[in-house]
Amino acid sequence: MENAICIHAWEYTSEGDQTYCESGKPDGWAVYTRTDTGFDASEGSPFDIDNELDFPDYPAAMGEAYRRSIVTGFPIVEY
């Protein structure tokens with residue numbers, strides 16, 4: 001697992017929780033920094049998620065992703 005700045009769309013469920021957007025109609029976007037822990041899946045989580053922030057739209061989220069990428073040197077991964 002490589003270090004990365006991750007960005008993905010999310011949506012609200014009918015219960016009001018957030019989940020990955022599968023409808024194609026996101027309610028917002030999340031950006032977080034993913035760092036390799038050095039573990040494989042059998043030893044624990046292969047990565048840490050840090051500093052997750054939500055944004056109301058894609059341009060704002062991508063702006064934060066670019067800023068983090070410049071600071072850390074990590075690639076941006078969208079999913």
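Q: Which residues count as contacts of I5, leaving aside its neighbours within four places in sequence?
A: The cut-off is heavy atoms within 4.5 Å. By that test I5 is in contact with V31, Y32, T33, A65, R68, S69, T72, F74, P75, I76 and V77. This is a predicted model, in which local features need pLDDT of at least 70 and side-chain atom pairs count only at pLDDT 80 or more, while totals for chains, interfaces and linings use all residues. Residues are numbered from 1 along each chain as its sequence is written, and side-chain values use heavy atoms, with hydrogens and water left out.

Q: How confident is the predictor in the chain, and where is confidence lowest and highest?
A: The score is pLDDT, the predictor's confidence in each residue, from 0 to 100. The chain averages 88, and 85% of the residues score at least 70. Strand β4 (residues 47-55) has the lowest confidence, with a mean of 80. Helix α1 (residues 58-72) has the highest, at 96. Helices (H or I, at least four residues) and strands (E, at least two) are DSSP runs, numbered from the N terminus. Where pLDDT is low, the predicted coordinates should not be read in detail.

Q: What makes β1 and β3 a strand pair?
A: Two strands pair if DSSP finds at least two bridges between them. β1 (residues 4-12) and β3 have seven bridges, in the antiparallel sense. I7 stands opposite V31 in β3.

Q: In what sense does β1 pair with β5, and in what sense with β2?
A: With β5 (residues 76-78), β1 pairs in the parallel sense over three bridges. I5 has I76 in β5 as its bridge partner. With β2 (residues 18-20), β1 pairs in the antiparallel sense over three bridges. Here Y12 is bridged to Q18 in β2. The hairpin of β1 and β2 has five residues between the strands, and G16 takes a positive phi near 90° there.

Q: Why can β3 be described as largely enclosed?
A: In β3 (residues 28-36), seven of the nine residues are buried, so the rest of the structure largely encloses this strand.

Q: What makes up the largest nonpolar core?
A: A core is a set of buried Ala, Val, Leu, Ile, Met, Phe, Trp, Tyr and Cys residues joined through side-chain atoms within 4.5 Å. The largest has 11 residues: I5, I7, A9, C21, W29, V31, F55, A61, M62, A65 and F74. At least two residues of this core come from each of β1, β3 and α1. In soluble globular proteins, nonpolar side chains tend to be buried together.

Q: Why is the aromatic pair of Y20 and Y79 called tilted?
A: Rings of Phe, Tyr and Trp (its six-membered ring) pair if their centres lie within 6.5 Å; planes under 30 degrees apart count as stacked, over 60 as edge-to-face and the rest as tilted. Y20 and Y79 are 6.0 Å centre to centre, with 45° between the planes, hence a tilted pair. Y20 lies in β2 and Y79 in the segment after β5, so the pair ties together parts that are 59 residues apart in sequence. Y20 is partly exposed, at 46% relative accessibility. Y79 is partly exposed too, at 45%.

Q: What kind of aromatic pair do W29 and Y58 form?
A: Their centres are 4.9 Å apart and their planes 70°, which is edge-to-face. W29 lies in β3 and Y58 in α1, 29 residues apart. W29 is buried at 17% relative accessibility, whereas Y58 is partly exposed at 31%.

Q: How do you know that R67 and E64 form a salt bridge?
A: A side-chain nitrogen of Lys or Arg must lie within 4 Å of a carboxyl oxygen of Asp or Glu. For R67 and E64 the N to O distance is 2.8 Å, so they qualify. Both lie in α1, three residues apart, about one turn of the helix.

Q: What joins E64 and R68, and how far apart are they in helix α1?
A: Their side chains meet in a salt bridge, at 2.8 Å from N to O. They are four residues apart in α1, about one helical turn. Shared partners join E64, R67 and R68 into one salt-bridge network. R68 is buried at 3% relative accessible area, and E64 is buried at 13%. R67 is partly exposed at 44%.

Key:
Buried means under 20% relative accessible area, exposed over 50%, partly exposed in between (1.4 Å probe, protein chains only).
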